Amino acid sequence: MSSYNNGVCFSEARRVAIFGGTHGNEMSGVMLVNLWVKNSAEIQRKRVETKPFITNPRAVEKCTRYVDTDLNRAFSPENLSAPGGDDLPYEVQRAQEINRIFGPKGSPDAYDVIFDLHNTTSNMGCTLILESSKDYFNLQMMNYIKKAIAPASCLVLLNEHPLLKYSTSRSVAKHPVGLEVGPQPQGVLRSNIFEAMRVILKHALDFIELFNEGMEFPPCSVEVFRVSERIDYPRDANGNIIAMVHPNLGNWIPFDCDWEPLNPGDPMFHTFDGKTIYYQGQGTVYPTFINEAAYYEKQQAFVTTRRETLVASAIRKA
Amino acid sequence: MSVCFPKLSRVAVCGGTHGNELSGVYLVRELQRCAGDGAHVNTLLCDTFVFPSPSGPISDTAPYEMIRSRELNALLGPKGSPKAVDLICDLHNTTADMGLCLIAYSDHDWICLHIFRHLQRQMPDIPMRYIHFDVSNKESYSLDSVGKHGFAIEIGPQPHGVVRSNIYTAMKFGVQHMLDWVRFFNSGTIFEGGFVDVFTMVKHIDYPRDRETRNITAAIHPQLQDRDFSLLQPEDPLFQTFSGETLRYKGKEPLYPFFINECAYYEKSIALSLARKRRVMIPCKGTL
C-alpha cells in the first residue's frame, strides 16, 4: 500500500479465496462453495485466481457449527503457533492448516482477499463485516457492492472493538471480508438467501476485476454500524436464561428488528413469566445479531452498534 | 349422538424430546417452577424424551435415547397397558412456517379433536391445523403414542436452538387452554359436536440429489418456501436447482404441503410432506 496524489495504491488482488462451511450448519456457503468446487466458471475473473474452499469439512459432514471449538474464533496467534499436532482440538489443527495454505497471517505471502460466507438466524438481511476502519480497499469494495445491488440493501458491520473483536478464519488474508446473510435456520437452505449471497459475491468479484484492470475508485463515504456492546440474556443465579428477546407486538411471525433504533426505555426482553425488561443504556443504539442461535452459549442476546460514516480515500492498483 | 369417556386424571406435558426445539424446554421448566398452583389434574411435567423402542435387553452401550425411551415408557406407560397416562402432550418446534399444529395418529380420537377445536376457538388469531398420521398404534413410534391418548403440538417457524417470544407465548397459551379443556371435561362439561378439517399425510417428497454423492442439488423453490398448507397444484414450482432451473410438482392430485424445508428432515430425505384435507364430524362429548 502506498499513497499517490490524494489516494492510496494497493497491489493487484491476484489471489482470492471464498470460504464456506466455517460453521458446518450454515448452509448457503457450504452449497455455494461445493457448487464452485465442481464448476468454477461463475467465479472466474480476468487476472484473478479465485479459490473456493470448505474450511471445516468435519463440521459440514455432521451439519454442526463445530466439532471441538468454534473455527471462527480459532485464528489467534497462540493457536496458530501452538505445538501439539494431532492432540490439538480439530479446529485448531484446521486453523494452522488454513494459515499455511492461505497465509501466513500478517505476512506478504498471505492471500489478498478472503470472503467468508456465513448465515445467521437473526433478521440481518445481507451484511458485510469489516474488521478495520482503515482498510480502504475493503471500504471501496463494500461501497461498490452497495451501489450495485441498490435498491436492495446490504449493510456494513464494523467490528474493531478491542474486546469484542475475534480471530476469524478470514483474518488470514490482507483484506478479510465477512458475508453474513439471514434469517436462515441452521441446517436449512433457503433459496432466496442462497441467491442473495451469490449476487453479492458476483459484484465483489466484479470490483476486484475492475480494480486489477486499473480502474481508479474516487473517494467515497460508507455508512457503517460499529460494534459497541454485547448484551446477554437475563439469567438466574444458576445461569439459566429467564427471558426472551421482546417480540414486535401484534405480529404472528416474529419480526426481529435488527438494525432498527433501540432507545433508552424501549422494551428489550420478555421474561417467561410475562414481565418486560427495558433498555437502560445511554443514547440510541442499533442492535444486531438479535437472537442468533449460536450465541446463546456465548452469552449474547444481541450486540449494540452505533452508526458512523467512514471515508475511504481514492484507490487504484499500484 | 354423543360419546362418553372416563375422566382424564393423569396428563403429561413433555418438552425437549428434541433437545434443540426450545419452546417446549423452556415452557416445561416454567410450568415446573409454577407447579403447585392448585391444578386439579395430576399434571406430569417431563423433560427430555425419546421415541419408545421395542422391548428387549439393552446393553451398556445402547444409545442414550434408547435407554431414555425405556425410562419414559416405564414412567408414562407402559404403552398399551391400563397403567399408561391418560393423555400425553408432546411439545415441538419446526423451522417450517406451519403455525400451530396438533399432530395425532388418529382422525377419530374425539379427545384430541375436541381439544383442537377448543384451541381454535380460544386462539383465533393463530393459524392452526390438525394433522393426522395414519399409522396404527402398534407401529407408532413417537412419545405421544405411549399414553392412552396423545398428540404433539408443533409450532413454527422457529430455528432450532432459538427461543422466539411469540412462538413461546403461543405454545404457553395452547398448553394452558388444553389443560383448561381437560379440567372442564373432568368436571362434567358437555362439549358440542361439530366439524374439524383434518390434514391426513399422504406422502413425502425428497430433495433432488446427486446420484453418487447424494448431496442435494436444489432448494425449495422461493414460491413454495413458507407456503405451508397452501394448496399445491400439479405443475406448481417445487424446487429451484442451483443452476436456476425450476422443478415442478408432477403429482396428479392437488395436495396440501407442510413441513416445508424442516431442517431435521434433510437427513430423513424429506423436503416436504403432502396431505389430503377432509372434514371430520366430531360427536358431542362428555365424561362417563
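**Ground rules.** This is a predicted model, where local features need pLDDT of at least 70 and side-chain atom pairs count only at pLDDT 80 or more, while totals for chains, interfaces and linings use all residues. Residues are numbered from 1 along each chain as its sequence is written, chains are lettered from A and ligands numbered from 1 in the order in which they are written, and side-chain values use heavy atoms, with hydrogens and water left out.

**Entry 1: the domains of chain A.** I looked up the domain assignment and found domain 1 (8-225 + 312-317) and domain 2 (229-304) in chain A. Such bounds come from an automatic or database domain assignment. I then checked the C-alpha centres of domain 1 and domain 2 of chain A, and they lie 28 Å apart. The contact (heavy atoms within 4.5 Å) takes 19 residues from domain 1 of chain A and 16 residues from domain 2 of chain A.

Next I looked at buried area, which is the accessible area (1.4 Å probe) that two parts lose on being put together, summed over both. For domain 1 and domain 2 of chain A that comes to about 1,500 Å², and carbon and sulfur atoms give 56% of it. A:Asn123, A:Leu164 and A:Phe225 supply 30% of the area that domain 1 of chain A buries against domain 2 of chain A, more than any other three residues.

I also counted 1 salt bridge between domain 1 and domain 2 of chain A. My cut-off for a salt bridge is a side-chain nitrogen of Lys or Arg within 4 Å of a carboxyl oxygen of Asp or Glu.

**Entry 2: chain A against chain B.** How many residues of chain A are in contact with chain B? I got 31 residues of chain A, in contact with 38 residues of chain B. The two chains bury about 2,900 Å² between them, with 58% of it on carbon and sulfur atoms. I found 3 salt bridges between chain A and chain B. I noted down the pair A:Asp273 and B:Arg33, whose side chains meet in a salt bridge at 3.2 Å, N to O.

Helices (H or I, at least four residues) and strands (E, at least two) are DSSP runs, numbered from the N terminus. Helix H1 (27-38), helix H6 (191-212) and strand S10 (243-245) of chain A are the elements that give two or more residues to the side of chain A that touches chain B. H6(A) gives the most to that side, with 4 residues.

**Entry 3: helix H4 of chain A.** The 13 residues of helix H4 (residues 90-102) of chain A should span 18 Å, and the end C-alpha atoms are 18 Å apart, which agrees. Buried means under 20% relative accessible area, exposed over 50%, and partly exposed in between (1.4 Å probe, protein chains only). The buried residues of H4(A) include A:Tyr90, A:Val92, A:Ile98 and A:Phe102. What covers the buried residues of H4(A) includes strand S3 (15-20) and strand S5 (113-119) of chain A.

**Entry 4: two serines in chain B.** Where is B:Ser142? I found B:Ser142 in the loop between strand S6 (128-132) and strand S7 (149-156) of chain B, and B:Ser145 is in the loop between S6 and S7 of chain B too. B:Ser142 is buried at 9% relative accessible area, and B:Ser145 counts as buried at 4%.

For polar contacts I used a pair of N or O atoms within 3.5 Å; within protein, one must be able to donate a hydrogen and the other to accept it, and residues adjacent in sequence count only if both atoms are side-chain atoms. A polar contact of 3.0 Å joins the side chains of B:Ser142 and B:Asp144. The side chain of B:Ser145 makes a polar contact with the side chain of B:Lys79 (3.0 Å).

**Entry 5: salt bridges.** Over all chains, I got 32 salt bridges. The side chains of A:Arg226 and A:Glu160 meet in a salt bridge (2.9 Å, N to O). A:Arg226 lies in strand S9 (residues 220-231) of chain A and A:Glu160 in the loop between S7 and strand S8 (175-182) of chain A, so the pair ties together parts that are 66 residues apart in sequence.

Definitions and conventions:
The expected span of a helix is 1.5 Å times one less than its number of residues.
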